[in-house]
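Biologist: I am new to this structure and would like to go through its side chains with you. May we look at the model together?

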Amino acid sequence: MDHSSQKRNESEEAKWKKWNEDEKPFKFNFRKMLSFVGPGLLMSIAYLDPGNIAGDLEAGVKGGYSFWTLMWATILGHFYQVLAAKIGVVTQRNLAKLCAEQFTHKTRYILWIMTELAIIGSDIQEVIGSATALKIIFGIEIWVGALITILDSFLFLFIHYFGIRKLEFFFAFLISVMVVTFFLNMFTAKPDPTEILKGAVIPPRSKGSMTAALGLVGAVIMPHNIYLYSSLVLSRKIDVRKKSAVNEANVYNSIDSAVSLTISFCISTAIISTFAVYSINEVDKPELTLESASDALAKTFGESSKYIWAVGLLAAGQSSTMTGTYAGQFVMEGFLNIQLPIYQRVLITRSIAIVPALCIAFLNKDSLTQIDSYLNVLQSVQLPFALVPLVKFASSPLIMNQFQISSRQTIFASGFGSLLFLLNFFIIFSESELSGFQTLLVVLVSLLYISFIVVVIMEPIKPLKPISLKELEDHEFDRVEIDDDVSEDYENQKNPIL
């Protein structure tokens, strides 16, 4: 070994020694925690989009007071979101960018296409959900409402130019609207508290509840939302020279996501409870869509319930359309490394996802909201293309070093990911009425689908390349300062992990 190599190795060892010596015990600070509150709110919006609401509606009508699936899907979703946040904080890269750096071009494009399909499916639900709300309130056509939703979403996105905190407060306001509206309808319905508690511990067993349950999983654990959250946490500027600061950020992000997802769970619980009461009171129990649900509420609980429902649905659709925009940007920029002005990136990424939603609004106006359950299942089908790279990176010492997850956590994450994978095929083959040709087609597509997953699983992990200051600061939002002692020499930060 030459003198320069030996000196470099000694420098690396000294750097790691200093990094390890910074192992300060975590001390909770409420004020500092408030600095981290925000990304979790934007992430939780995806748990409250119109597709999720449609899943809650269907679960309430078909399963009654059954919150078992929703509760465990939310807990599982939180676990995966914590992994996504940890990857973002430790590597200072979002999941899409990390995939682009680690994987071959073939794998990168497979992941991008699959994630983009999930975004398209989600956008269809979000745009149509908002358009449905506008139709209920103002009586306008669905396609007109879809155009309004798309246009005002672009306008609202400019709020982030006033700062990330302003944007987060705006989303907090929209979530508050959902809390007020959906809980008002629940209090009007007067559900049985005992049945609500039972529903949290007893799995759904009624006919058709399995499809509704899987739809809920797809609505709650959305693949593109995992990519989104890994990027949102980068809006907090931490001192990555300090191991304690990185650990602290991971803890506070976990708390932020837990509180945000608890709020989303409570809102979904209110929706399921409302329609469980409706299901009990209604003898015929017709199939409900987001639009016909408003008439069902008006008939059962009074005319005001119809408009309260629509206002909550509009807040859900509008907010989720905006977060879908950010998800589309981060996913495309990360996977394809697009270097364009922000307005051009927004137009390109949004056109790919929103144009299909607009086409459906024009061409299929008589059965728009009836496809929600299938789109939720689509989200569930796309999950492996987010979970496989997520677990690979989170469990790799080459990526996470001392912050890699334990072997037990790896087994847990992989096990439940595999369970969701098997459930998809169970639903497709057991509850779908397919002809011989359709079954053959599904089998062929399934084999191709499995081969794509195997390709991602087999990709080797490489050591991380050093990240430049430009890449560190090149984020959609102005980064929020966290540590008081982060000085002007932020440019010279050297994180051993990076």
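Modeller: Let us begin with Arg165, which counts as partly exposed at 29% relative accessibility, where buried means under 20% relative accessible area, exposed over 50% and partly exposed in between (1.4 Å probe, protein chains only). This is a predicted model, in which local features need pLDDT of at least 70 and side-chain atom pairs count only at pLDDT 80 or more, while totals for chains, interfaces and linings use all residues. Residues are numbered from 1 along each chain as its sequence is written, and side-chain values use heavy atoms, with hydrogens and water left out.

Biologist: With which residue does Arg165 form a salt bridge at 2.9 Å?

Modeller: A salt bridge requires a side-chain nitrogen of Lys or Arg within 4 Å of a carboxyl oxygen of Asp or Glu. The closest N and O atoms are 2.9 Å apart, and the partner of Arg165 is Glu168.

Biologist: Is Glu168 buried or exposed, and which residues are joined with Glu168 into one network?

Modeller: Glu168 has a relative accessible area of 5%, so this residue is buried. Salt bridges that share partners join Glu168 into one network with Arg165 and Arg236.

Biologist: How many residues apart in sequence are Glu291 and Lys135?

Modeller: The side chains of Glu291 and Lys135 meet in a salt bridge, with 3.1 Å from N to O. Glu291 lies in helix H14 (residues 290-301) and Lys135 in helix H7 (residues 105-138), so the pair ties together parts of the chain whose separation in sequence is 156 residues.

Biologist: How are the rings of Phe79 and Phe412 arranged?

Modeller: Rings of Phe, Tyr and Trp (its six-membered ring) pair if their centres lie within 6.5 Å; planes under 30 degrees apart count as stacked, over 60 as edge-to-face and the rest as tilted. The structure holds 14 aromatic pairs. For Phe79 and Phe412 the centres are 4.9 Å apart and the planes at 85°, so the arrangement is edge-to-face.

Biologist: Which helices hold Phe79 and Phe412?

Modeller: Phe79 is buried, with a relative accessible area of 16%, and Phe412 is partly exposed, with 36%. The pair ties together parts that are 333 residues apart in sequence, because Phe79 lies in helix H5 (residues 68-91) and Phe412 in helix H20 (residues 407-430).

Biologist: Which residues outside its sequence neighbourhood are in contact with Phe275?

Modeller: Phe275 is among the residues that touch the most other members of the largest nonpolar core, which has 114 residues. Such a core is a set of buried Ala, Val, Leu, Ile, Met, Phe, Trp, Tyr and Cys residues joined through side-chain atoms within 4.5 Å, and contact means heavy atoms within 4.5 Å. Leaving aside neighbours within four places in sequence, the contacts of Phe275 are Leu57, Gly60, Val61, Leu288, Ala293, Leu297 and Trp309.

Key. Helices (H or I, at least four residues) and strands (E, at least two) are DSSP runs, numbered from the N terminus.
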